[in-house]
Amino acid sequence: MALLLRVVLLCGVADVTRSLSITPPDQMMIEKAKGETAYLPCKFTIGPDDQGPLDIEWLLSPPDNQQLDQVIILYSGDKIYDNYYEALKGRVHFTSNDLKSGDASINVTNLQLSDIGTYQCKVKKAPGVANKKVLLTVLVKPSGTRCFVDGSEEIGNDFKLKCEPKEGSLPLRYEWQKLSDSQKMPTLWLAEMTSPVITVRNATSDYSGTYSCTVQNRVGSDQCMLRLDVVPPSNRAGTIAGAIIGTLLALVIIGLIIFCCHKKRREEKYEKEVHHDIREDVPPPKSRTSTARSYIGSNHSSLGSMSPSNMEGYSKTQYNQVPSEDFERAPQSPTLPSAKFKLTYKTDGITVV
């Protein structure tokens, strides 16, 4: 009876002293792909002695351990504060609308590589305090995978089949398959079926066909296709000769173009020089006024030998004889013809000419 009473008392003490606790998550490490949403669980129970206000706090510890823990979301005084950490602003939310029910889990949306780290859920309700940690790893799915042939696809040649993803977190796994014809990979290739590169030696036409390469990691996969056509060797001598002839023809055409351009420039330069010389040799035409004055001046020179007594009659006669067309017509020669005059007068009954 005393033993039974002691067991009952111990159980009662255990019930009375039970305090706030957090249920351990099923996974202590969570892996998600970039762009996805991560669910971080944090479910707790409250003891009968926990009568203080409820405070919930989520913190992030960066993986480099060189930065201080960052508060990313907080619940205190029946209010939620989710603007503490700029890198996660608008991307972290509580999953429950009633946090007092015992669920403080959060969702982190649109995951980025910068979100990698250790997340800690801390629940306080005085006098109880509890916390749990979970590690979040963000991986990049393989994408942008490209399949191609490195080398000449000719019978007897050596070349390589390559499978290269544009991005993807390591480790990556590769798997090659033949999709056409017999759908059987050549025996010599079996050792490289899980490699990003397959080396083909002494190729034959049997290798022709459609191949696929699948790239995988822990969060996703990607695939590319390749068509391989192994053909007989080409006439390399003819190809080389054609290339040489084409190069020579191109050089000849370029030379002709340069020659024609040079010749045209010389002709234009010669025409400009000849035109310039002609303009310098031709004297400018005399004005009509200077021609008339020369004509009158020559007449005045002839009058110098006459006596003053005869000047009056001569001036009336001769100035009226100056042709008007000489003032209107441009001179044909810089030298004017000499003028001839006839003067008749009488003296003492004798006529003088």
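**Exercise 1. Find how Asp 150 and Lys 162 meet, and where each one lies.**

Solution. The side chains of Asp 150 and Lys 162 meet in a salt bridge, 3.1 Å from N to O. A salt bridge here is a side-chain nitrogen of Lys or Arg within 4 Å of a carboxyl oxygen of Asp or Glu. Next, place the residues. Asp 150 lies in strand β12 and Lys 162 in strand β13, so the pair ties together parts 12 residues apart in sequence. Strands (E, at least two residues) and helices (H or I, at least four) are DSSP runs, numbered from the N terminus. Then check the cover. Asp 150 is partly exposed at 38% relative accessibility, whereas Lys 162 is buried at 18%. Buried means under 20% relative accessible area, exposed over 50%, and partly exposed in between (1.4 Å probe, protein chains only).

Keep the source in mind: this is a predicted model, where local features need pLDDT of at least 70 and side-chain atom pairs count only at pLDDT 80 or more, while totals for chains, interfaces and linings use all residues. Residues are numbered from 1 along each chain as its sequence is written, and side-chain values use heavy atoms, with hydrogens and water left out.

**Exercise 2. Describe the salt bridge between Arg 146 and Glu 164.**

Solution. The N to O distance is 4.0 Å. Arg 146 sits in strand β12 and Glu 164 in strand β13 (residues 159-164), so this bridge joins parts 18 residues apart in sequence. Arg 146 is partly exposed at 47%. Glu 164 is partly exposed at 37%.

**Exercise 3. Which distant parts of the chain do Lys 141 and Glu 36 link?**

Solution. Start with the contact: their side chains form a salt bridge of 3.6 Å, N to O. Lys 141 is in the loop between β11 (128-139) and β12 (146-150), and Glu 36 is in the loop between β2 (29-33) and β3 (38-40), 105 residues apart. The count of salt bridges comes to seven.

**Exercise 4. Describe residues 240-261.**

Solution. First, the record. An unreviewed UniProt entry lists residues 240-261 as "transmembrane region"; such annotations may be inferred rather than shown by experiment. Now the model. The span is 100% helix and 0% strand, and its end C-alpha atoms lie 32 Å apart. Ile 240 is found in helix α2 (residues 236-281). Ile 240 counts as exposed because its relative accessibility is 51%.

**Exercise 5. State how confident the prediction is.**

Solution. pLDDT is the predictor's confidence in each residue, from 0 to 100. The chain's mean pLDDT is 78, and 70% of its residues reach 70 or more.
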